[in-house]
Amino acid sequence: MMTTMSKKAHILLVEDDKNLSAVLKDYLEILNYSVSSCSDGKSGLMAFSSGTFDLCILDIMMPEKDGFTLASEIRREDPLVPIIFLTAKSLKEDRIKGFKAGCDDYISKPFSTEELSLRIEAILKRCRARDEKNTTGEKFVIGGFVFDHANMVLSYKNENQNLTRKEADLLRVLALNKNRLVTREAALKMVWGTDDYFIGRSMDVFITKLRKYLKKDSSIAIVNVHGIGFRLEC
């Protein structure tokens with residue numbers, strides 16, 4: 001089954017069985033997905049933190065860091081990225097624990113590669129529909145940058161920086177309120193739909209990434225108003 005996506009979806013595969021990991025990576029790449037593979041939870045988290053992924057496939061029983069822990073840590077960085085768990089167990093307790101950790105689907109070993117591909121496509125299709133619904137088509141001028149929210153691209157001169165959905169949505173909130181204070185609670189509710197404390201800690205990571213992207217123009221600053229919120233100044 002070939003995927004019909006116009007843009008390659010980037011998948012993070014974390015599986016400690018090297019043979020299974022190699023088979024899945026080859027198969028998914030044949031389906032035109034871009035796949036980054038890791039063999040343990042620790043390296044999986046490092047890969048996720050340094051990249052941009054559309055979906056994660058995580059084994060549960062792994063060295064260094066198990067799949068449940070990895071999923072929870074991924075969720076702190078990106079609450080919406082879809083996660084599929086791979087497990088050799090079929091216990092009800094493990095499934096409940098998996099969904100509590102934030103997985104979107106659960107597949108028990110052994111499984112067919114076709115079944116996995118169908119589940120991946122179904123999840124990505126739902127994500128595309130959600131993103132299209134939330135797309136505004138707006139473009140913003142921020143100092144020397146042009147920010148295309150719909151395509152999640154931040155451009156400076158001849159350089160383009162691709163953003164994650166959460167980075168783009170958070171920057172949009174700041175750009176709509178340029179030179180005005182945006183409270184933490186307002187930003188969280190507009191981007192994540194909740195003002196949960198732990199997601200708030202995740203938002204700070206995204207703010208740091210946006211500052212890094214915008215530092216090419218010294219006239220721009222995302223100012224932290226301690227304990228209250230942020231202001232995009234330019």
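Where is the place of Glu64 in this structure? Glu64 sits in the loop between E3 and H3. Keep in mind that this is a predicted model. For background, most residues other than glycine have a negative phi, and most peptide bonds are trans.

That second point brings up another spot. From Lys109 to Pro110 the peptide bond is cis, and omega comes out near -5 degrees. You'll find Pro110 in the loop between E5 and H5.

Stay with Lys109 for a moment. Its partner is Asp59: the two form a salt bridge, with 3.2 Å between the closest N and O atoms. Asp59 belongs to strand E3, residues 55-59, while Lys109 is in the loop between strand E5 (105-108) and helix H5 (113-134), so this pair ties together parts that lie 50 residues apart in sequence. The structure holds 10 salt bridges, by the way.

Okay, on to the sheet that E3 and E5 belong to. We have five strands in an open sheet, ordered E2-E1-E3-E4-E5, and the pairing is parallel. Who stands at the edges? Strand E2 (34-38) and E5 do, and each has a single partner strand, so one side of each is left without a neighbour in the sheet. Going from one strand to the next, the twist averages 20 degrees.

Let's zoom in on one pair there. E3 and strand E4, residues 83-87, run in the parallel sense and are joined over four bridges. If you want a landmark, Ile57 stands opposite Ile84 in E4. Packed on this sheet is helix H1, residues 18-30, which touches strand E1 (10-14), E2, E3 and E4. The direction of H1 makes about 170 degrees with that of E2.

Now for two helices. The axes of H2 (residues 41-50) and H3 (residues 67-77) come within 10 Å, crossing at roughly 15 degrees. That angle makes H2 roughly parallel to H3. The crossing of H2 past H3 is right-handed. Which residues make the contact? On the H2 side there are Gly41, Gly44, Leu45, Phe48 and Ser49, and on the H3 side Leu70, Glu73, Ile74 and Glu77. Sorted by class, the contact of H2 with H3 has four nonpolar, three polar and two charged residues.

Last stop, another sheet. Three strands form an open sheet in the order E10-E12-E11, this time with antiparallel pairing. Strand E10 (181-183) and strand E11 (221-225) are at the edges with a single partner strand each, so one side of each is left without a neighbour in the sheet. Here the twist averages 25 degrees from one strand to the next.

Looking inside that sheet, E10 pairs with strand E12, residues 229-233, in the antiparallel sense over three bridges. Take Thr183: its bridge partner in E12 is Gly229.

Helix H6, residues 165-176, lies across E10, E11 and E12, and runs at about 70 degrees to E12. Helix H7, residues 184-191, lies across E10 and E12, running at about 70 degrees to E10.

That's my tour. If you have the model open, I'd be happy to go back to Glu64, in the loop between E3 and H3, or to the cis bond from Lys109 to Pro110.

Notes
Residues are numbered from 1 along each chain as its sequence is written. This is a predicted model: local features need pLDDT of at least 70, side-chain atom pairs count only at pLDDT 80 or more; totals for chains, interfaces and linings use all residues. Side-chain values use heavy atoms; hydrogens and water are left out. Axes are lines fitted to C-alpha atoms, for helices over the stretch in contact, and angles run from 0 to 180 degrees between N-to-C directions. Angles under 35 degrees count as roughly parallel, over 145 as roughly antiparallel, 65 to 115 as roughly perpendicular and the rest as oblique. A crossing is left-handed if the near helix is turned anticlockwise from the far one by less than a right angle, and right-handed if clockwise. Contact means heavy atoms within 4.5 Å. Ala, Val, Leu, Ile, Met, Phe, Trp, Tyr, Cys and Pro count as nonpolar, Asp, Glu, Lys and Arg as charged, and the others, Gly among them, as polar. Two strands pair if DSSP finds at least two bridges between them. A salt bridge is a side-chain nitrogen of Lys or Arg within 4 Å of a carboxyl oxygen of Asp or Glu.
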